[in-house]
Amino acid sequence: MSEAISAELYGQAWPCSGVAVNSRGTVYESRCAIAAVDQMLTGKSIALAGFYFLRRRETVTMLKISDVCVRRLARELGTPLQIFDQAAIEKQLSTAQENFRSEMFDTEVAYATKAFGCGAMYKIVNDAGAYLDVVSGGEMYGAHKAGMDMDRVFFHGNSKTEEEIEQALELGCGTIVLDNIGEAEKLVRISDKMEKGIDVVLRINPGIEAHTHEYVITANIDSKFGISVKKTSDIHRVMSIVDDGRFLNFKGFHMHIGSQITDPDSFGKAIETMSAFADDICERSGYAAEFISLGGGFGIKYTESDKPVPLGEMARYSIKKCEEVFGKAKVRPKRLCIEPGRSVVGEAGVSVYKVGYLKDTETLHYAFVDGGMSDNIRPALYGSEYTCAIVNKENDEPKRHYCIAGKNCESADIIIHDAFLPELHEGDYLIVYATGAYGYSMASNYNKCGRPPVVFVKDGEARLVIKRETYEDMTTLETDERIEL
Ligand code: LLP
């Protein structure tokens, strides 16, 4: 996603004038060579060189994402900062759509907005003709506000409130994915009262162990999500409750076995279980599911040790497996869906921090940055690992092992425990890769650290899509009102 372009630096040993020339041949001149490079990187006040004396020549690199200079963005907007490569997001989405295709079924790709959602993101999803998975009234509201075609929205969640169900019916969400019997009862009551309809899908738990972090497994036997395939009477109960709804259409089943899954076998097993389940339900009740969603969970590369199967291959594997399995089964659904979240935005996003201080303990070299668990809680919550580099020094020789620590008041606030980097200096910018999924969306304002701004870059242009959360923003909800009871 990023590209380091080299520039040649000409300067005099005696620092009274300097010139930097970038790879496109643009010349930047200043009082000294270093200042000239700085001008080139920041694009500020450029004066063409007249005459200069060439003394030394070295290569500097300029880290760019989609032709936008990272350091320049960091200087302009401050840090911490989140940057997304828009073309990379669009590419991932279309890769999923192109590879999850079949002659046998209609196919849909629903982006799971929990990975990262905002107006600009919903527009990308809508324009791609993709579907959207939301799990709360807030996500639904944002999607509607951004102009998302609500017919293409799946409303998920295991604890939908009455207000959220009303909102889904009011805004015309295409499908609601029920989790339990109580939700089914509530939905029938509300939809009958509002006289508004919606397609209904039930989340089942296929009981497949996906090999991933225990906090992101969702299909173990005691999972809070869905109804176990073994509890057929509960499943029948949901179907008959929905059947009684005057405005509801029961369409089929959904599953999601976990997240950051790198082994296609788990999906294969889940598809086999789902198909056997669909056949069994059909045998018992005569109901043939016309829609099945396989969920999301496709893994991405955070560090060298992650070996994910690329999204396109996973999507192709899944559809081929569906053709093979459902092709032989009694029940062959008309429509199939996958719900990638992380694999669409994860590697497309980076975080940029500024190094504030360096401190050595008995055994560690700490580098303290100006963000932390308030903008990325994943290392503290799941022990997630990331890689990083010093902006514009990505190709320099690594010299030291640093522990990159955040500014939040918590010992667990370590972004990277062991980053092998060139010599770090206060004021250096640090880029942490693959923070696009579940970074911003799980950010908080713990310690009243405002959430970072988010920038989308594409074809050399940068757009601010979420502003930095200011101190004022963080106090706007505070009030002192007497409550009349
Ligand atoms: N569909 C459903 C029903 C889900 O529950 C999820 C994720 C997805 C799709 C998208 O999964 P993905 O493709 O992004 O793996 N906060 C955790 C991840 C929690 C995932 C929750 N559900 C993390 O940071 O790793």
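Mentor: Val352, leaving aside its neighbours within four places in sequence, is in contact with Val70, Ala74, Thr79, Pro80, Leu81, Ile83, Val391, Tyr429 and Ile431, where contact means that the C-beta atoms, placed from the backbone, lie within 7 Å. This is a predicted model, in which local features need pLDDT of at least 70, side-chain atom pairs count only at pLDDT 80 or more, and totals for chains, interfaces and linings use all residues. Residues are numbered from 1 along each chain as its sequence is written.

Val352 also belongs to the largest nonpolar core, which has 122 residues, and is listed there with Val70, Ile83, Leu132, Ile404, Leu430 and Ile431 as having the most contacts inside it. Such a core is a set of buried Ala, Val, Leu, Ile, Met, Phe, Trp, Tyr and Cys residues joined through C-beta atoms within 7 Å; a residue is buried if 20 or more other C-beta atoms lie within 10 Å of its own, exposed if 12 or fewer, and partly exposed in between. Helix α9 (residues 264-285) gives the most to this core, with seven residues; helices (H or I, at least four residues) and strands (E, at least two) are DSSP runs, numbered from the N terminus.

Two of the contacts of Val352, Thr79 and Pro80, are joined to each other by a cis peptide bond with omega of about -5°, and Pro80 is found in the loop between α2 (70-77) and β6 (81-85).

Another contact, Ile431, leads us to the loop between β21 (429-432) and β22 (454-458), where Ala434 is found. Phi of Ala434 is near 60°, a positive value in a residue other than glycine, and Ala434 is buried, with 24 other C-beta atoms within 10 Å. Tyr438 lies in the loop between β21 and β22 and, although not a glycine, has a positive phi of about 60°; Tyr438 is likewise buried, with 24 other C-beta atoms within 10 Å.

Tyr438 brings us to the ligand, since of the 21 residues around the ligand, Ser259, Gly296, Gly341, Arg342 and Tyr438 come nearest, a residue being near if its C-beta atom, placed from the backbone, lies within 6 Å. The shell draws at least three residues from each of domain 2 (71-83 + 348-475) and domain 3 (100-345), with bounds from an automatic or database domain assignment.
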